[in-house]
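User: Hi, I have a structure open and I'd like to talk it through slowly. Could you start with a term I'll need?

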Amino acid sequence: MSPINWFRFASPASFFPLAGKLVPWFAVAAALLAAVGLYLGLIVAPTDAQQGESYRIIFIHVPAAWMSMFIYVVMAFWSAVALALNTRLAGMMVQALAPTGALLTFVALWTGSLWGRPAWGTYWAWDARMTSELILLFLYLGYLALRSAIADSRRADRAGAVLVLVGVINIPIIYFSVRWWNTLHQGATVSLTAAPKMAAIMLTAMAIMAIAAWFYAIAVTLLRVQAIILEREKHTAWAGELAEAR
Amino acid sequence: MTSLTDFLAMGGYGFYVWGAYLVTAAAVVLEVVTVRSRLRNARRVAEDSSEP
(Lines give C-alpha, C1' and ligand atoms only; values in the text may rest on other atoms or scores of the structure.)
Protein backbone atom coordinates (compact mmCIF):
# COMPACT_ATOMS: atom_id res chain seq x y z
CA MET A 1 0.00 0.00 0.00
CA SER A 2 1.59 3.22 -1.08
CA PRO A 3 1.13 6.34 1.06
CA ILE A 4 -1.05 9.13 -0.34
CA ASN A 5 0.97 12.03 -1.67
CA TRP A 6 -1.04 14.96 -0.33
CA PHE A 7 0.95 17.53 -2.29
CA ARG A 8 -0.54 16.04 -5.43
CA PHE A 9 -3.80 17.77 -4.48
CA ALA A 10 -2.09 21.17 -4.54
CA SER A 11 -2.56 21.17 -8.30
CA PRO A 12 -5.99 22.37 -9.48
CA ALA A 13 -6.22 19.49 -11.98
CA SER A 14 -6.06 16.82 -9.26
CA PHE A 15 -7.95 18.82 -6.63
CA PHE A 16 -10.97 19.26 -8.92
CA PRO A 17 -12.16 15.61 -8.83
CA LEU A 18 -11.39 15.35 -5.10
CA ALA A 19 -13.55 18.43 -4.41
CA GLY A 20 -16.31 16.94 -6.55
CA LYS A 21 -16.27 13.72 -4.51
CA LEU A 22 -16.35 15.58 -1.17
CA VAL A 23 -19.20 18.03 -1.94
CA PRO A 24 -22.17 15.57 -1.62
CA TRP A 25 -20.91 14.21 1.72
CA PHE A 26 -20.55 17.65 3.29
CA ALA A 27 -23.82 18.84 1.76
CA VAL A 28 -25.82 15.86 3.08
CA ALA A 29 -24.15 16.07 6.50
CA ALA A 30 -24.92 19.81 6.68
CA ALA A 31 -28.58 19.26 5.74
CA LEU A 32 -29.07 16.44 8.28
CA LEU A 33 -27.34 18.38 11.08
CA ALA A 34 -29.35 21.51 10.28
CA ALA A 35 -32.58 19.48 10.44
CA VAL A 36 -31.64 18.06 13.86
CA GLY A 37 -30.36 21.43 15.10
CA LEU A 38 -33.54 23.26 14.00
CA TYR A 39 -35.75 20.59 15.58
CA LEU A 40 -33.88 20.86 18.90
CA GLY A 41 -33.64 24.65 18.74
CA LEU A 42 -37.16 25.53 17.62
CA ILE A 43 -39.24 22.71 19.12
CA VAL A 44 -37.41 20.87 21.92
CA ALA A 45 -35.54 23.72 23.64
CA PRO A 46 -37.70 25.46 26.27
CA THR A 47 -38.66 29.14 26.36
CA ASP A 48 -35.97 31.36 27.85
CA ALA A 49 -36.89 32.76 31.27
CA GLN A 50 -35.66 36.29 30.46
CA GLN A 51 -36.00 36.68 26.71
CA GLY A 52 -39.03 34.53 25.92
CA GLU A 53 -38.96 33.03 22.42
CA SER A 54 -36.83 35.80 20.90
CA TYR A 55 -33.66 34.06 22.08
CA ARG A 56 -34.21 31.35 19.41
CA ILE A 57 -32.41 33.62 16.95
CA ILE A 58 -29.23 32.47 18.73
CA PHE A 59 -29.28 29.17 16.82
CA ILE A 60 -28.45 30.93 13.57
CA HIS A 61 -26.85 34.14 14.87
CA VAL A 62 -23.97 32.58 16.81
CA PRO A 63 -23.03 29.90 14.24
CA ALA A 64 -23.12 32.53 11.45
CA ALA A 65 -21.01 34.96 13.50
CA TRP A 66 -18.46 32.26 14.35
CA MET A 67 -18.22 31.17 10.71
CA SER A 68 -17.91 34.77 9.50
CA MET A 69 -14.71 35.11 11.55
CA PHE A 70 -13.44 31.56 10.98
CA ILE A 71 -13.77 31.77 7.19
CA TYR A 72 -11.75 34.99 7.22
CA VAL A 73 -8.97 33.27 9.21
CA VAL A 74 -8.95 30.40 6.69
CA MET A 75 -8.76 32.97 3.88
CA ALA A 76 -5.80 34.60 5.65
CA PHE A 77 -4.09 31.20 5.89
CA TRP A 78 -4.54 30.52 2.16
CA SER A 79 -3.47 34.10 1.37
CA ALA A 80 -0.20 33.53 3.24
CA VAL A 81 0.31 30.27 1.33
CA ALA A 82 -0.50 32.04 -1.96
CA LEU A 83 2.06 34.77 -1.29
CA ALA A 84 4.77 32.50 0.11
CA LEU A 85 4.56 29.57 -2.31
CA ASN A 86 2.81 31.25 -5.26
CA THR A 87 0.53 28.23 -5.77
CA ARG A 88 -2.53 28.69 -7.94
CA LEU A 89 -4.87 26.60 -5.81
CA ALA A 90 -4.25 28.75 -2.69
CA GLY A 91 -5.43 31.87 -4.50
CA MET A 92 -8.44 29.99 -5.83
CA MET A 93 -9.36 28.87 -2.31
CA VAL A 94 -9.32 32.48 -1.07
CA GLN A 95 -11.47 33.48 -4.04
CA ALA A 96 -13.91 30.62 -3.36
CA LEU A 97 -14.26 31.35 0.37
CA ALA A 98 -14.94 35.09 0.14
CA PRO A 99 -18.59 35.12 -1.07
CA THR A 100 -19.62 32.57 1.59
CA GLY A 101 -17.79 34.58 4.25
CA ALA A 102 -19.55 37.75 3.13
CA LEU A 103 -22.92 35.99 3.13
CA LEU A 104 -22.50 34.59 6.66
CA THR A 105 -21.29 38.00 7.90
CA PHE A 106 -24.47 39.51 6.47
CA VAL A 107 -26.53 36.77 8.17
CA ALA A 108 -24.78 37.46 11.50
CA LEU A 109 -25.52 41.20 11.20
CA TRP A 110 -29.10 40.71 10.00
CA THR A 111 -30.07 38.19 12.69
CA GLY A 112 -28.24 40.22 15.33
CA SER A 113 -30.21 43.28 14.33
CA LEU A 114 -33.53 41.41 14.58
CA TRP A 115 -32.48 40.06 17.98
CA GLY A 116 -31.24 43.43 19.20
CA ARG A 117 -34.62 45.09 18.77
CA PRO A 118 -36.52 42.91 21.32
CA ALA A 119 -33.44 42.44 23.56
CA TRP A 120 -32.07 46.00 23.73
CA GLY A 121 -34.78 48.08 22.07
CA THR A 122 -32.70 48.94 19.00
CA TYR A 123 -31.88 47.33 15.65
CA TRP A 124 -28.43 48.83 15.53
CA ALA A 125 -25.87 50.57 17.73
CA TRP A 126 -22.35 51.70 16.89
CA ASP A 127 -20.82 49.56 19.59
CA ALA A 128 -17.45 47.86 19.15
CA ARG A 129 -18.77 44.36 18.41
CA MET A 130 -21.30 45.45 15.78
CA THR A 131 -19.03 48.03 14.16
CA SER A 132 -16.10 45.61 13.84
CA GLU A 133 -18.41 42.93 12.40
CA LEU A 134 -19.65 45.50 9.86
CA ILE A 135 -16.00 46.25 8.97
CA LEU A 136 -15.59 42.50 8.40
CA LEU A 137 -18.40 42.63 5.84
CA PHE A 138 -16.63 45.56 4.13
CA LEU A 139 -13.36 43.59 4.09
CA TYR A 140 -15.07 40.68 2.32
CA LEU A 141 -16.77 43.03 -0.15
CA GLY A 142 -13.53 45.01 -0.61
CA TYR A 143 -11.66 41.81 -1.42
CA LEU A 144 -14.30 40.81 -3.99
CA ALA A 145 -14.33 44.30 -5.52
CA LEU A 146 -10.52 44.38 -5.72
CA ARG A 147 -10.47 40.98 -7.45
CA SER A 148 -13.07 42.00 -9.99
CA ALA A 149 -11.09 45.15 -10.81
CA ILE A 150 -7.97 43.17 -11.81
CA ALA A 151 -8.24 41.23 -15.08
CA ASP A 152 -5.19 39.00 -14.57
CA SER A 153 -6.26 36.39 -12.02
CA ARG A 154 -2.72 35.69 -10.73
CA ARG A 155 -2.20 39.39 -10.00
CA ALA A 156 -5.64 39.51 -8.42
CA ASP A 157 -4.56 36.59 -6.20
CA ARG A 158 -1.54 38.52 -4.91
CA ALA A 159 -3.32 41.85 -4.43
CA GLY A 160 -6.24 40.12 -2.73
CA ALA A 161 -3.92 38.12 -0.47
CA VAL A 162 -2.27 41.33 0.79
CA LEU A 163 -5.67 42.91 1.49
CA VAL A 164 -6.88 39.81 3.37
CA LEU A 165 -3.70 39.62 5.47
CA VAL A 166 -3.85 43.30 6.42
CA GLY A 167 -7.52 42.92 7.34
CA VAL A 168 -6.94 39.92 9.61
CA ILE A 169 -6.15 42.38 12.44
CA ASN A 170 -9.92 42.95 12.60
CA ILE A 171 -10.59 39.36 13.75
CA PRO A 172 -9.11 39.64 17.28
CA ILE A 173 -10.78 43.06 17.52
CA ILE A 174 -14.20 41.47 16.85
CA TYR A 175 -13.50 38.55 19.15
CA PHE A 176 -12.23 40.55 22.14
CA SER A 177 -14.38 43.66 21.56
CA VAL A 178 -16.90 42.59 24.21
CA ARG A 179 -14.06 42.40 26.76
CA TRP A 180 -11.97 45.39 25.73
CA TRP A 181 -14.83 47.85 25.51
CA ASN A 182 -18.08 48.39 27.30
CA THR A 183 -20.43 47.14 24.59
CA LEU A 184 -24.18 46.91 24.30
CA HIS A 185 -23.53 43.45 22.88
CA GLN A 186 -23.31 40.82 25.59
CA GLY A 187 -20.10 39.00 26.48
CA ALA A 188 -19.26 35.48 25.33
CA THR A 189 -22.00 32.94 26.08
CA VAL A 190 -19.66 30.05 25.46
CA SER A 191 -15.95 30.19 26.24
CA LEU A 192 -13.17 27.67 26.55
CA THR A 193 -12.23 28.80 30.06
CA ALA A 194 -15.60 29.01 31.85
CA ALA A 195 -18.73 26.89 32.14
CA PRO A 196 -21.32 27.80 29.47
CA LYS A 197 -23.98 30.26 30.61
CA MET A 198 -26.90 28.44 28.96
CA ALA A 199 -28.98 25.29 29.37
CA ALA A 200 -27.54 22.04 28.00
CA ILE A 201 -30.26 21.53 25.36
CA MET A 202 -29.80 25.09 24.03
CA LEU A 203 -26.04 24.59 23.93
CA THR A 204 -26.42 21.26 22.11
CA ALA A 205 -28.74 22.78 19.49
CA MET A 206 -26.34 25.69 18.96
CA ALA A 207 -23.32 23.37 18.65
CA ILE A 208 -25.14 21.20 16.08
CA MET A 209 -26.13 24.29 14.09
CA ALA A 210 -22.51 25.48 14.23
CA ILE A 211 -21.22 22.17 12.81
CA ALA A 212 -23.98 22.32 10.15
CA ALA A 213 -22.85 25.85 9.19
CA TRP A 214 -19.26 24.61 9.03
CA PHE A 215 -20.12 21.69 6.71
CA TYR A 216 -22.34 23.96 4.61
CA ALA A 217 -19.47 26.41 4.15
CA ILE A 218 -17.13 23.57 3.15
CA ALA A 219 -19.62 22.12 0.64
CA VAL A 220 -20.47 25.42 -1.03
CA THR A 221 -16.81 26.53 -1.09
CA LEU A 222 -15.69 23.27 -2.74
CA LEU A 223 -18.46 23.66 -5.31
CA ARG A 224 -17.37 27.24 -6.01
CA VAL A 225 -13.67 26.35 -6.20
CA GLN A 226 -14.58 23.78 -8.88
CA ALA A 227 -16.24 26.53 -10.91
CA ILE A 228 -13.23 28.83 -10.36
CA ILE A 229 -10.78 26.12 -11.47
CA LEU A 230 -12.69 25.64 -14.74
CA GLU A 231 -13.11 29.39 -15.29
CA ARG A 232 -9.41 30.07 -14.84
CA GLU A 233 -8.01 26.99 -16.59
CA LYS A 234 -10.57 26.79 -19.39
CA HIS A 235 -7.97 26.93 -22.16
CA THR A 236 -6.15 23.82 -20.96
CA ALA A 237 -6.91 20.38 -22.33
CA TRP A 238 -7.41 18.88 -18.86
CA ALA A 239 -10.07 21.44 -17.94
CA GLY A 240 -12.09 20.37 -20.96
CA GLU A 241 -11.77 16.73 -19.95
CA LEU A 242 -12.69 17.46 -16.33
CA ALA A 243 -15.70 19.46 -17.40
CA GLU A 244 -17.04 16.53 -19.37
CA ALA A 245 -16.31 13.84 -16.76
CA ARG A 246 -18.95 14.03 -14.02
CA MET B 1 -54.67 24.07 15.18
CA THR B 2 -53.66 26.20 18.14
CA SER B 3 -50.20 24.72 18.64
CA LEU B 4 -49.13 25.69 15.11
CA THR B 5 -50.49 29.21 15.59
CA ASP B 6 -48.61 29.44 18.89
CA PHE B 7 -45.46 28.16 17.20
CA LEU B 8 -45.71 30.75 14.43
CA ALA B 9 -46.47 33.52 16.93
CA MET B 10 -43.25 32.74 18.87
CA GLY B 11 -44.68 34.33 22.00
CA GLY B 12 -45.12 37.67 20.21
CA TYR B 13 -41.61 37.60 18.75
CA GLY B 14 -42.65 35.98 15.45
CA PHE B 15 -41.58 38.95 13.33
CA TYR B 16 -38.04 38.92 14.75
CA VAL B 17 -37.55 35.14 14.92
CA TRP B 18 -39.05 34.34 11.50
CA GLY B 19 -37.49 37.46 9.98
CA ALA B 20 -34.12 36.06 11.02
CA TYR B 21 -34.79 32.46 9.95
CA LEU B 22 -36.48 33.20 6.62
CA VAL B 23 -33.85 35.66 5.38
CA THR B 24 -31.11 33.19 6.37
CA ALA B 25 -32.90 30.38 4.52
CA ALA B 26 -33.36 32.60 1.46
CA ALA B 27 -29.66 33.56 1.52
CA VAL B 28 -28.59 29.91 1.70
CA VAL B 29 -30.93 28.85 -1.13
CA LEU B 30 -29.79 31.78 -3.26
CA GLU B 31 -26.12 30.95 -2.70
CA VAL B 32 -26.57 27.26 -3.55
CA VAL B 33 -28.53 28.08 -6.72
CA THR B 34 -25.98 30.68 -7.91
CA VAL B 35 -22.96 28.47 -7.21
CA ARG B 36 -24.52 25.49 -8.98
CA SER B 37 -25.37 27.56 -12.05
CA ARG B 38 -21.87 29.09 -12.00
CA LEU B 39 -20.33 25.60 -12.06
CA ARG B 40 -22.69 24.44 -14.82
CA ASN B 41 -21.76 27.49 -16.86
CA ALA B 42 -18.03 26.99 -16.21
CA ARG B 43 -18.30 23.36 -17.36
CA ARG B 44 -19.92 24.41 -20.63
CA VAL B 45 -17.35 27.15 -21.32
CA ALA B 46 -14.43 24.83 -20.46
CA GLU B 47 -15.74 22.13 -22.79
CA ASP B 48 -16.05 24.64 -25.64
CA SER B 49 -12.84 26.61 -25.19
CA SER B 50 -10.27 23.96 -24.26
CA GLU B 51 -7.95 22.88 -27.04
CA PRO B 52 -8.66 19.37 -28.30
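Analyst: Let us begin with how directions are compared: an angle over 145 degrees counts as roughly antiparallel, and one under 35 degrees as roughly parallel. Please also keep in mind that what you see is a predicted model.

User: Okay, so how do H2 and H3 of chain A pack, and at what angle?

Analyst: Helix H2 of chain A, residues 58-85, packs against helix H3 of chain A, residues 88-120, at an angle of about 160°, and their axes are 8 Å apart. An angle over 145 degrees counts as roughly antiparallel, and therefore H2(A) and H3(A) are roughly antiparallel to each other. The contact of H2(A) with H3(A) is made up of 21 nonpolar residues, 9 polar ones and no charged ones.

User: And which hand does the crossing of H2(A) and H3(A) have?

Analyst: H2(A) passes H3(A) in a left-handed crossing.

User: What sits in the loop between those two, then?

Analyst: A:Asn86 has its place in the loop between H2 and H3 of chain A, and its phi is near 55°, which is a positive value in a residue other than glycine.

User: Is A:Asn86 buried or exposed, and why?

Analyst: A:Asn86 is exposed, because 12 other C-beta atoms lie within 10 Å, and a residue with 12 or fewer is counted as exposed.

User: Which residue of chain B has a positive phi although it is not a glycine?

Analyst: B:Met10 has a positive phi of about 50° and is not a glycine; this residue lies in the loop between helix H1 (2-9) and helix H2 (14-49) of chain B. B:Met10 counts as buried because it has 20 C-beta neighbours inside 10 Å, and 20 or more is the cut-off for that class.

User: Back to chain A: how do H3(A) and H4(A) cross?

Analyst: The axes of H3(A) and helix H4 of chain A, residues 128-149, come within 9 Å and cross at roughly 150°, which means that H3(A) is roughly antiparallel to H4(A). The crossing of H3(A) and H4(A) is left-handed, and their contact has 14 nonpolar, 4 polar and 2 charged residues.

User: Which residues of H3(A) and H4(A) meet?

Analyst: Among those in H3(A) are A:Gln95, A:Phe106 and A:Gly112, while the residues on the H4(A) side include A:Met130, A:Glu133 and A:Arg147.

User: New topic: where is A:Val168, and what does it touch?

Analyst: A:Val168 has its place in the loop between H5 and helix H6 (170-180) of chain A, and, leaving aside residues up to four places away in sequence, it touches A:Tyr72 and A:Ala76. With 16 other C-beta atoms within 10 Å, A:Val168 is partly exposed.

User: How far is A:Val168 from A:Ser153?

Analyst: Their C-alpha atoms are separated by 22 Å, and the two residues are 15 residues apart along the chain. A:Ser153 is found in helix H5 of chain A, residues 153-167, and is partly exposed, with 17 other C-beta atoms within 10 Å.

User: How far apart are A:Val168 and A:Trp126?

Analyst: A:Val168 and A:Trp126 are 42 residues apart in sequence and 21 Å apart in space, taken from C-alpha to C-alpha.

User: Last one: how many residues are in contact between chain B and chain A, and which scores does the predictor give the complex?

Analyst: In this model, 25 residues of chain B are in contact with 32 residues of chain A, and the chain B side has 14 nonpolar, 5 polar and 6 charged residues. The predictor gives the complex an ipTM of 0.92 and a pTM of 0.92, while chain B averages a pLDDT of 91, with 90% of its residues scoring at least 70.

Key:
Residues are numbered from 1 along each chain as its sequence is written. Chains are lettered from A and ligands numbered from 1 in the order in which they are written. This is a predicted model: local features need pLDDT of at least 70, side-chain atom pairs count only at pLDDT 80 or more; totals for chains, interfaces and linings use all residues. Two residues are in contact if their C-beta atoms, placed from the backbone, lie within 7 Å. Ala, Val, Leu, Ile, Met, Phe, Trp, Tyr, Cys and Pro count as nonpolar, Asp, Glu, Lys and Arg as charged, and the others, Gly among them, as polar. Helices (H or I, at least four residues) and strands (E, at least two) are DSSP runs, numbered from the N terminus. Axes are lines fitted to C-alpha atoms, for helices over the stretch in contact, and angles run from 0 to 180 degrees between N-to-C directions. Angles under 35 degrees count as roughly parallel, over 145 as roughly antiparallel, 65 to 115 as roughly perpendicular and the rest as oblique. A crossing is left-handed if the near helix is turned anticlockwise from the far one by less than a right angle, and right-handed if clockwise. pLDDT is the predictor's confidence in each residue, from 0 to 100.
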